[in-house]
Amino acid sequence: MKFMITFITLLFMLSLSTGTFAETLEDRVRTLEENLEKQEQTIQELRILQETLKKQDQTIVEQRKLIDELKAEVKQSQPSVSSDSSAANQSAETGQIQQQVQELKEQVGQVVEAQRKVLPSEFNPSIGLVGETIFSYRSKGSARTGSDRPGGFDAFQRSVELNAAASVDPFAKAYVVANATADAHTGESTFNIEEAAIQTESLPWNLTVKAGRFFGEFGRLAYIHDHELPFVNRPLVLNQYIGGESRTDGIQVNWLAPIEHYVSLTVGAGNQFGGDVPPNDVGDFRHLGGWNYWGRLSSYFDLTPDISFEPGVSGLWNPKTIDRGGQLPQPDGSTLTERERRLVGADFALSWKPLRNNQFQSLTWGTEVLHSNNRYDVNATDGTMFNQSVGSLGLYSYLTYKFHRQWSAGFLYGYVEDAQDNKAKTYEYSPYITWALSHWNQLRLQYTYTDHNAASGLSPDHAVYVQWAWIIGSHSHGWQQR
Amino acid sequence: MKLKPLCLYLIILLIGVLCMGVMPGHAAKISVVTTLTDLADFSRAVGGELVEVHSLATGVEDTHGVPMKPSFVPIMNRADLMVLVGFDCEHAFLPALLEASKNPRIQYGRAGYVDCSQGIVPRDVPRTTGHSAGDVHPYGNPHYTLDPVSAKIAIENIYNALVEFAPQYKAQFKRNRDAYLAKLNAKIAEWEKEMKPLKGVKFVSYHEHWPYFAARFGMDYFGTIELRPGIDPTARHIEELVASMKAQHVPIVVREPQFPEKVPKRIAEQTGATMITLPIMPGGVPNTETYIKMMDYIVHTMVNAVQSRK
């Protein structure tokens, strides 16, 4: 029943609505025509759009194809290209690095070589300068002490030594020591050649030959320069019997015994020996007997790794001195003329140098005994002339203790009988202390008490010395400074 | 009569010489003399049974202050090779000994003069050789053997010299050298591993012994107690060193055994640093008879000192 009612209602409403719009049917047709035109236009536009999309799709497909082809090509070509280029790059880099390393090596080599070329030791010749100033006070004047320096306060530039050394050729080296010193009396600087010698370096049979002007090897300290001594002044006995430094013009041969133990033998000949005494009279004609002949034999013993003993013996002979020193006036008014010079000596050094800290601690005891036996022509006060040999003895002994790298102290004892009058005796006692700021700058304070016996005619003397020695330029640690 | 004591002295001297100087027959071995003990160790390692090696230093000396003993002269007189550190390390004793030896084979420039510094790139080459800089080494710092890699160059130089002197034994020398280098290389790797934690750690020493060592193991070499090489410290220098060590927290003071303990110990106390004693060549302290043992000792002591502070 409900269904019937609903159906009838719908038919009624439909009939009613058809009746309402029957009047505007033309309008409705017109509207429909317009809508249809619009729809046709839209369809046309859509068709155009569709065509466009189709074209775009086609383009995309073509592009994709192209990309794929390109990718394929890239895949095919890329591996070979990249490996070649990377290998090339690598090899180029390696080459560059190698070149840089080579250049660096060359630069380093050049730098090293350049550094070596400016070394003092590479100069030809190497040059060094040593200066030494002595400030002193002596209680007595020179007339009463026999010294060549005045009493009282004194400042003395004892030496300015110019050292030069170099190889001559593969077979020899040469060196020169020129010394400027203030004259003892005038104060004027005098310049002299202390040493100028050539020394062989490649002789067979352990031989070395030295010729020229040099300090002849005699004893322990005679052939050491003043500034290298362990105390301020050369021991009296060396001044008396040798004449200070053992300077000579001549030739010297040294031989090292070819055995396992150290034995060194030196012999030499020269026309003078001793730096401070007037040399032999040049004379009219000099025989070989007018020359000085000397020799030294030395050895060495390691008693323990820290303790060593170094003995030696020396001899000097001048058969015909040819008035060495001229006529020598004596206190009693007589004069002596030296005719033959004979000197022998024995020496040793006993050293304690602990290996571990030898730069800071050591103890050295050095002693040398000399016996002079010169023959003189005596011109007595009463006018008589006769021949006389004078035998005299002298020695020095010193003990130096190094207790710090910069500090050492010691004591020197000396005794000498006059070479012309053995009754005249002199003693010296010298404590000293050394402050070495470095290898090249050294100060030393020394007190010396000199005592003479009555026969000498001289007075006892107290003296205080301050020595300041310095080195600039090239320096070497010589064998004799060991 | 006065000559009698002298004659007696001479006779005693000659008898002494004859008793002590009787020479046994020459050995057929190659005679190698080295200045320092590390070079002697290398020479023995490379030369093996073919060489007889003698070192002038025993190991406890200052490398620059080996005493010039005349007893060295006969040994050097018979030497076939004279092996030295170079860089002027031995200038205080070797030139005079060489001259006294009268052995032309080992003089400077000859084949027997084996300068182990050949090929070493020097450190601390001074700009000036003036003494205002102290007792400087004009060629550069000579303590390169404390760097084990640089030590290999010294070994190579010794090998080359031995081969040049006795080429018939080249194979043996090569075998010995390679065996030693293999052992040394293994130890170097070990030492580098042990020292790795010490990279950048600062230290001072008495003398300037350690620039090559510090560079090898990456340590910071802060300074020296000596004012300049070979010049003892002044009070002002010590004062400044202590102040800078405190400011920079330097933990280690190295004292080489040939130098007195007093000053390094005082500096260590004032700065709170640890003082250690390190050898600079084999034999410098007990149980360091060989180079490898010495480097072992140095590395272990250094590492222990740093680690014990943590």
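Predicted model: local features only at pLDDT ≥ 70, side-chain atom pairs only at ≥ 80, totals over all residues.
In strand β12 of chain A, A:L350 is the bridge partner of A:F309. Strand β10(A) and strand β12 (residues 335-352) of chain A are joined by 12 bridges in the antiparallel sense.

Strand β10 (residues 307-318) of chain A also pairs with strand β8 (residues 292-299) of chain A. These two strands run antiparallel and share 6 bridges. Within this pairing, A:R296 has A:S314 of β10(A) as its bridge partner. A further antiparallel pairing links β10(A) to strand β9 (residues 301-302) of chain A, through 2 bridges. Here A:D302 is bridged to A:S308 in β10(A).

Strand β14 (residues 385-402) and strand β15 (residues 407-417) of chain A are connected by 9 bridges and run antiparallel. In this pairing, A:L399 lies opposite A:F411 of β15(A). The two strands form a hairpin, with 4 residues between β14(A) and β15(A). Strand β15(A) is in turn joined to strand β16 (residues 425-438) of chain A by 11 bridges, again in the antiparallel sense. A:E417 stands opposite A:K425 of β16(A).

Chain A as a whole contains 4 helices and 18 strands. It has 482 residues, of which 27% count as buried. Among contacts in chain A with a separation of 6 or more, 56% are between residues 24 or more positions apart.

Chain B is divided into two domains. Domain 1 covers residues 30-121 + 135-189, and domain 2 covers residues 195-307. Their centres, taken over C-alpha atoms, are separated by 26 Å. Contact between the domains of chain B involves 25 residues of domain 1 and 21 residues of domain 2. On the domain 1 side, the elements of chain B giving two or more residues are α2 (37-47), α5 (148-165) and α6 (170-195). By class, this side of domain 1 of chain B has 11 nonpolar, 7 polar and 7 charged residues.

Chain B also holds an open sheet of 4 strands, in the order β6-β5-β7-β8, with parallel pairing. Strands β6 (220-224) and β8 (274-277) of chain B stand at the edges. Each has a single partner strand, so one side of each lacks a neighbour in the sheet. On average, neighbouring strands of this sheet are turned by 30° against each other, direction ignored. The pairing of strand β7 (residues 252-255) of chain B with β8(B) is parallel and comprises 4 bridges. In that pairing, B:R255 stands opposite B:T277 of β8(B).

One residue of chain B was examined individually. B:H300 is placed in helix α10 (residues 291-307) of chain B. B:H300 counts as exposed because it has 12 C-beta neighbours inside 10 Å, and a residue with 12 or fewer falls in that class. B:H300 and B:T271 are 29 residues apart in sequence. In space, the C-alpha atoms of B:H300 and B:T271 are 23 Å apart.

Definitions and conventions: Residues numbered from 1 in each chain as written. Chains lettered and ligands numbered in written order. Buried ≥ 20, exposed ≤ 12 C-beta atoms within 10 Å, placed from the backbone. Contact = placed C-beta atoms within 7 Å. Pairing = 2+ DSSP bridges. Domains from an automatic or database assignment. Nonpolar A, V, L, I, M, F, W, Y, C, P; charged D, E, K, R; others polar. Axes fitted to C-alpha atoms, helices over the stretch in contact; angles between N-to-C directions.
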